[in-house]
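User: Hi! I'd like to talk through a model with you, a bit at a time. Here it is.

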Amino acid sequence: MDVCFLWYNVFGEIMQNIYGMTRPKLEEYFLSIGEKKFKALQVFEWLYEHKNAQVDSWSNIKKEVRDQIKKDFSFAMPKIVKQERDTLTRKFLFMLEDENYVEAVLMYHDYGNSVCVSSQVGCNMGCAFCESGRLKKVRDLKAYEIVSQILLIEEEVQERISSVVIMGIGEPLDNFLNVMDFIHIINDAKGLAIGIRHITLSTSGIIPKIKELQNMDLQINLAVSLHAPNDEIRNKIMKVNKVYSISKLIDAIKEYIQHTNRRVTIEYVMLKEINDSEACALELAKLLHGMNIYVNLIPYNETNHIEFKKSEEKVIKKFCEVLKQNGINVTIRKEFGSKISAACGQLRSKEVER
Ligand code: SAH
Ligand code: SF4
């Protein structure tokens, strides 16, 4: 189904979902109905501090305004329909109002709980190794559908989420406006109050959107999925490289670093005999030389449908060593949840293809 589910108010107008409203947008709304803009602050306190969506109980807002709010906004949320868990991870499958599915993963770290959220239903970037890309994009998620993933997980586990990575299903920069609203809502001190430096956005490298992001002067962490040291390999595994080649992408990352003064993460998924040789490591070190980056080597999560294999552990360690010896900051990502189909899109694809 590719029709987005919409709520209509009594006048047949499309209703916005309240959880997709940033505070400035809500302030504009209150001004438009002749109310003071600080009402937006009160609504945020009810929704995110008191976790109370029963509008009739919002005692500091008069009845007439409460009735208007009920007419103008939907409060509907996706539903958690499935969970998988192991010691350090819990994975949630959400059914959206139009019966599409997305997933999010909760990870327990020493420093707190983080959630990896989805930004689209499927993905059109078509990376050869990725389950989300295999199923193609059905639609973008609305801001409230991304916010809801965190709200529902917090409610389910009764614990606070202190950091967020936008690394689930979808290419966040292909859903720019909704993702920006999402970031503003979760970062708002009266929203979910998640520190801006605790929010990471991962992109396959859509250069014009990286520039747009750069101009917004947000202090989020940017992660770029590079996955190859040259165009020959990258063209084979990431279609996006045919439009935005490695040299242009590296220039865009350099410009981003210079403009924002922030270190960028380079993601590199280790695929057996594709991009994991010592020669690749040397070429990568040369490519990234002198940049304010660090490399995150990702052990590949094999899927049933895709032929790629994960690199052997000793190969990953050697690759890591070569980068280090050549002056590159590098870490190997902990294999979170490979047993519970935690890689991008795997739980959803199981559900969709049942
Ligand atoms: N679309 C964005 C964000 C979502 S994918 C992007 O591509 O960056 C998040 C990360 O997971 C990307 O680095 C992606 O390459 C990686 N990934 C996808 N499938 C994977 C798999 N099966 N195993 C390990 N990493 C995977
Ligand atoms: Fe999309 Fe990211 Fe998967 Fe590529 S790796 S298909 S960009 S979700």
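User: How many nonpolar, polar and charged residues are in the shell around ligand 2?

Analyst: The shell around ligand 2 holds 5 nonpolar, 4 polar and 1 charged residues. Here Ala, Val, Leu, Ile, Met, Phe, Trp, Tyr, Cys and Pro count as nonpolar, Asp, Glu, Lys and Arg as charged, and the others, Gly among them, as polar. Keep in mind that this is a predicted model, where local features need pLDDT of at least 70, side-chain atom pairs count only at pLDDT 80 or more, and totals for chains, interfaces and linings use all residues. Residues are numbered from 1 along each chain as its sequence is written, chains are lettered from A and ligands numbered from 1 in the order in which they are written, and side-chain values use heavy atoms, with hydrogens and water left out.

User: And which residues are closest to ligand 2?

Analyst: Cys123, Met125, Cys127, Cys130 and Gly133 are the closest of the 10 residues that surround ligand 2. To be near, a residue needs a heavy atom within 4 Å of the molecule.

User: Switching to rings: how many aromatic pairs are there?

Analyst: The count comes to 9 aromatic pairs. Rings of Phe, Tyr and Trp (its six-membered ring) pair if their centres lie within 6.5 Å; planes under 30 degrees apart count as stacked, over 60 as edge-to-face and the rest as tilted. One of them is Phe129 with Tyr300, edge-to-face at 6.5 Å centre to centre and 85° between the planes.

User: Where do Phe129 and Tyr300 lie?

Analyst: Phe129 is in the loop between strand E7 (120-121) and helix H4 (131-134), and Tyr300 in the loop between strand E13 (293-299) and helix H11 (313-325), so the pair ties together parts 171 residues apart in sequence. Helices (H or I, at least four residues) and strands (E, at least two) are DSSP runs, numbered from the N terminus.

User: Nice. What about strand E4, which strands pair with E4?

Analyst: Strand E3 (residues 79-85) pairs with E4 in the antiparallel sense over 6 bridges, and 7 bridges join E4 to strand E5 (residues 101-109), also antiparallel. Two strands pair if DSSP finds at least two bridges between them. In strand E4 (residues 89-95), 6 of the 7 residues are buried.

User: How many residues are in the hairpin between E3 and E4?

Analyst: That hairpin joins E3 to E4 through 3 residues.

Terms used
Buried < 20%, exposed > 50% of the residue type's maximum accessible area, 1.4 Å probe, protein only.
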